[in-house]
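Q: Hello! Please pick one part of this model and take a close look at it with me, giving the cut-offs behind each term as you go.

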Amino acid sequence: MPRGDKSSYTGKQQRQAEHIEDSEKEKGRSQEDAERIAWATVNKQDGGGKQSGSGRKTATKKAVKKTAKRATKKATTKSETKNPARKVAKKATKKVAKKATRKTAGKSTTKAASRTTRMATASPAKKATR
């Protein structure tokens, strides 16, 4: 496929490019510039032509993954820098909860197991925050 071939673009992408091209011409751009801007915009929005290929990846999935990764990274760094004691308390709570669940695994009643787990997870959090 030679450079500049638009056969791999869907009908919707071609219509979008035409619309963008028309609006650029109205702004006073030349035919060549308007066409270049239109296809560059379509490429930026969709990541290129989408006509064929079952294994093609969508640009939206990549963008969503990237923003999710950034958000989790930001959230963890903010919480760690604001209150490091909270992190320690959370870790201690998890440890105690694990121990409690191991102990209660042998008991037959679920009521006793849930009670000890609740008690074990509640007390370390209060101690660590003081």
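A: The structure holds 4 salt bridges, a salt bridge being a side-chain nitrogen of Lys or Arg within 4 Å of a carboxyl oxygen of Asp or Glu. Before we zoom in, a word on the ground rules: this is a predicted model, where local features need pLDDT of at least 70 and side-chain atom pairs count only at pLDDT 80 or more, while totals for chains, interfaces and linings use all residues. Residues are numbered from 1 along each chain as its sequence is written, and side-chain values use heavy atoms, with hydrogens and water left out.

Let's settle on Glu 24, which sits in helix α1 (residues 11-26); helices are DSSP runs of H or I with at least four residues, strands are runs of E with at least two, and both are numbered from the N terminus. The protein chain has 5 helices and 0 strands.

Glu 24 has a relative accessible area of 8%, so it counts as buried. Here buried means under 20% relative accessible area, exposed over 50%, and partly exposed in between, using a 1.4 Å probe and protein chains only. Of the 130 residues in the protein chain, 17% are buried.

Beyond its neighbours within four places in sequence, Glu 24 is in contact (heavy atoms within 4.5 Å) with Arg 29, Ala 34 and Ile 37. Arg 29 is also a salt-bridge partner of Glu 24, at 2.8 Å from N to O. On the Arg 29 side, the relative accessible area is 44%, so that residue is partly exposed. A further salt bridge links Glu 24 to Lys 27, where the closest N and O atoms are 3.7 Å apart. Lys 27 is exposed, at 62% relative accessibility.

Another pair to look at is Arg 36 and Asp 33, whose closest N and O atoms in their salt bridge are 3.6 Å apart. Arg 36 and Asp 33 are 3 residues apart in helix α2 (residues 31-46), so about one helical turn separates them. Arg 36 is exposed at 53% relative accessibility, whereas Asp 33 is partly exposed, with a relative accessible area of 31%.
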